[in-house]
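Trainee: Could you take me closely through one part of this model, the packing of its helices? Please define the terms as you go.

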Amino acid sequence: MNVIGFCGFSGSGKTTLVEQLIGRLRLAGKRVSVVKHAHHEFDIDRPGKDSWRHRQAGAFEVVIASNRRLAKMREFDVREDPSVHQLIAELSPCDWVLVEGFKRAALPKVEIWRQSTGQPVQYPEDAHVVAIATDSPGQLPRPTRLPLLDLNDPAAITDFLLAGGQRYAYRPPAARQDAAATPAVGVVGVDAVCWAEGMSAALQDLVADEVPVALLVDGRVVTELFATPADLDDLALGYLLGAGLVDTAAGLTGVAVEAGARGVVLRCEVARRSVDASHRGRGSPTSGMGGEAGPRRGAGNEPAPAPASRDASWSIDPAALGRGMGLLAAGGALRRATGATHAAAWLSFDGEVLVMREDVGRHNALDKLIGAMASSSADPGSGFVAVTSRASHEIVSKVARAGVGLLAVMSAPTALAIRHADAAGLTLVGFARGGQATIYSHCHRVTADGPAGSGELGFARR
């Protein structure tokens, strides 16, 4: 079942559009239901009818049915506003549910906006808005990269919805909780004892797993590290790209994942590349987990800056950057289950998370992300990378080498990282959390004139 909401102020045309879409979806062979938010005192019954008399007598629910239709009316003893999920649960199976109103619901929504209403827009502050239907696209008060739909063309809006695939597939809150209760790949259940206020209790906790991983190219070890055993194909590609052992995703022609009692071996096949077998990456099982990337370097042997990013014409609004960092902080399945992993995310300039990868190691998480981006042929100039860690020069170099123009980190950058970012044309943002951030290089790209349009957060510039 697909669910899509339609939000907008009174007079914007929500009901008219929903009415038109019902007919269009029916013509496409879809069964359609509607959930609508109404005013407190609405009533669909008529005084004097049997059902009205039953309600007046105090019935909690009245169900009236014929061979053509069924109606159910429920009275609340205490005033409450049912959630959209409660109302959807009342529906019989169908193909599409069109939700009118419930503008704050955590559902994908099309925002309807008419300039003539003089009302504000919702999309800059609502990450659930997936498109804007309007009759005045050139008059939108805030710039956006969201799809713009012609409010007067219901056929095109119907085609947009039908082309969305699984994007609108509904998962009720209970299903999401059940999924969260099932340990994700890389999560292990362990027995533990919890102490609080002088009392103890036994429990089973969920912790992030980490295993030794050896990455081999043409049978030769190029790095050994500890990693969370999830998205290992992305890890292999991202590492090889970051180390310069392949130039593109096509350079990695195959990855065989071999899991054994002592760890995981990633056997990589690389297209016509000569790899130095002495090259070592982020340490080994004997030198500690998750050390620094790349060959060991002596003091004073400062590596060259990473290549410059490809596109310097973009800008981003501080509010969008803040929204994106807030979504990153919430983490994915591993962090929500264990609280022990780093995350690296690829985000749009509107602050929408496009891809996220997680690992116990910050470098591993970034390598997985870069590998996933390369595999999907993502345009590196169309968004930015954010990580839940500090920024070392290796982190900066990997992001710049991937062609990304902005890196935001939750912690501090190093001085060498700042020098690399400046030389590479990379905007480096540190301490990006809680609505604050410090911009260390190429500060001009973080501006209230960016795509999201409103710089309301306090960003210090350096």
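Mentor: What follows looks at one helix and its two partners.

This is a predicted model, in which local features need pLDDT of at least 70 and side-chain atom pairs count only at pLDDT 80 or more, while totals for chains, interfaces and linings use all residues. Residues are numbered from 1 along each chain as its sequence is written, and side-chain values use heavy atoms, leaving out hydrogens and water.

Two packed helices are described by the angle between their axes and the distance between the axes. Helices (H or I, at least four residues) and strands (E, at least two) are DSSP runs, numbered from the N terminus. Axes are lines fitted to C-alpha atoms, for helices over the stretch in contact, with angles from 0 to 180 degrees between N-to-C directions.

Take helix α9 (residues 362-375) with helix α6 (residues 232-242): their axes come within 6 Å and cross at roughly 95°. The two are therefore roughly perpendicular (65 to 115 degrees; under 35 is roughly parallel, over 145 roughly antiparallel, the rest oblique). In contact (heavy atoms within 4.5 Å) are residues including Leu235 and Tyr239 of α6 and Ile370 and Ala374 of α9. By class, this contact has seven nonpolar, four polar and three charged residues (nonpolar: Ala, Val, Leu, Ile, Met, Phe, Trp, Tyr, Cys and Pro; charged: Asp, Glu, Lys and Arg; polar: the others, Gly among them).

With helix α10 (residues 393-401), α9 packs at an angle of about 0°, the axes 11 Å apart. That makes α9 roughly parallel to α10. Arg362, His363, Leu366, Asp367 and Ile370 of α9 meet Glu394, Ile395, Lys398 and Val399 of α10.
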